[in-house]
Amino acid sequence: MVNEHLPVVFILDVDGVMTSGQFFYTAEGKVMKVFGPDDNDGLSLLKGFVEVRFVTGDKKGFAISKKRIVDDMGFELDVVSTIRRVEWIKERYPLQSVIYMGDGIFDHYVMCKVGYSIAPANADSNARAHASFVTERSGGDRAVAEACLHLLERFFQPFDPGKLPDSQEKLSGEWAV
């Protein structure tokens, strides 16, 4: 264990972290977001050690994010403007006990205040510069899974790729074990 004060929560921005950050529009409005593979499995490995929850500033695409994050994956999701996230987090958790993963132009403000921060490889340059760790993968392309493996190694219990999960372990629920 590197840190004697273990984090209690991993808060992730949705768009650009869980997704590619791209929005697909038709004349009727926003209809799709691209979520990447393996991220839910990585979160499944981590959630036994730390609370996992999500934030988004995307009101128009909230139904899409809710379908994936809440309905399919079973995590909490809140609508919180990036510029209000530090206050929102402070109302719920001691800042030093928070891990935050973000990619956007304002996410570095949050990253400067929390205990540990992560940015995907394709994040805004300010987010990457202020992150404690930058993934090799891009948002929507296994960056969250990579971050989860990093957090297990750094703070909790390293993932053992030689140990196959058994049928008693609750993973993502998407695939049969």
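**Entry 1: H1 against H6**

I looked up the handedness first: H1 passes H6 in a left-handed crossing. The model is a predicted one. I noted that two packed helices are described by the angle between their axes and the distance between the axes. For H1 and H6 the axes come within 7 Å, and they cross at roughly 20°.

Next I listed the residues that make the contact. H1 brings Asp39, Gly42, Leu43, Leu45 and Leu46. From H6 I have Ala143, Val144, Ala145, Cys148, Leu149, Leu151 and Leu152. Sorted by class, the contact of H1 with H6 holds 10 nonpolar residues, one polar and one charged.

**Entry 2: cover of H1**

I checked how far H1 is covered. Six of its eight residues are buried, and I call the helix mostly covered. Those buried residues are Asp39, Asn40, Gly42, Leu43, Ser44 and Leu46. Besides H6, the buried residues of H1 pack against E1, E4 and helix H2 (62-72).

**Entry 3: the cores**

I then went to the largest nonpolar core, which has 26 residues. Phe10, Leu12, Leu43, Phe54 and Met101 touch the most other members. I traced the elements that each supply at least two residues of this core: strands E1 (9-13), E4 (51-56), E6 (98-101) and E7 (116-119), and helices H1 (39-46) and H6 (143-155). H6 gives the largest share, seven residues.

I took Met101 for a closer look. Leaving out residues up to four places away in sequence, I find Met101 touching Phe10, Ile11, Leu12, Asp13, Val17, Ile118, Pro120, Thr135, Ala143, Val144 and Ala147. I also recorded a second, separate core of 18 residues, with Val80, Leu95, Val98 and Met111 among them.

Is Thr56 buried or exposed? I located Thr56 in strand E4. Its relative accessible area is 0%, so Thr56 is buried. With residues up to four places away in sequence not counted, Thr56 touches Asp13, Val14, Asp15, Phe62, Leu77, Asp78, Val79, Val80 and Arg85.

I looked at Gln96 next, in the loop between helix H3 (85-90) and E6. Gln96 has a relative accessible area of 56% and is therefore exposed. Which residues is Gln96 in contact with, leaving aside its neighbours within four places in sequence? I found Lys113, Val114 and Gly115 in contact with Gln96. I also took the spacing of Gln96 and Ser117: they are 21 residues apart in sequence, and 11 Å apart in space from C-alpha to C-alpha.

**Entry 4: positive phi**

I checked backbone angles last. Most residues other than glycine have a negative phi. Asp38 has a positive phi, near 70°, and is not a glycine. I placed Asp38 in the loop between strand E3 (29-35) and H1. Its relative accessibility is 36%, so Asp38 counts as partly exposed.

Arg142, another residue other than glycine, has a positive phi near 75°. I placed Arg142 in the loop between strand E8 (133-134) and H6. With a relative accessible area of 30%, Arg142 is partly exposed.

Technical notes: Residues are numbered from 1 along each chain as its sequence is written. This is a predicted model: local features need pLDDT of at least 70, side-chain atom pairs count only at pLDDT 80 or more; totals for chains, interfaces and linings use all residues. Side-chain values use heavy atoms; hydrogens and water are left out. A nonpolar core is a set of buried Ala, Val, Leu, Ile, Met, Phe, Trp, Tyr and Cys residues joined through side-chain atoms within 4.5 Å. Buried means under 20% relative accessible area, exposed over 50%, partly exposed in between (1.4 Å probe, protein chains only). Helices (H or I, at least four residues) and strands (E, at least two) are DSSP runs, numbered from the N terminus. Contact means heavy atoms within 4.5 Å. Axes are lines fitted to C-alpha atoms, for helices over the stretch in contact, and angles run from 0 to 180 degrees between N-to-C directions. A crossing is left-handed if the near helix is turned anticlockwise from the far one by less than a right angle, and right-handed if clockwise. Ala, Val, Leu, Ile, Met, Phe, Trp, Tyr, Cys and Pro count as nonpolar, Asp, Glu, Lys and Arg as charged, and the others, Gly among them, as polar.
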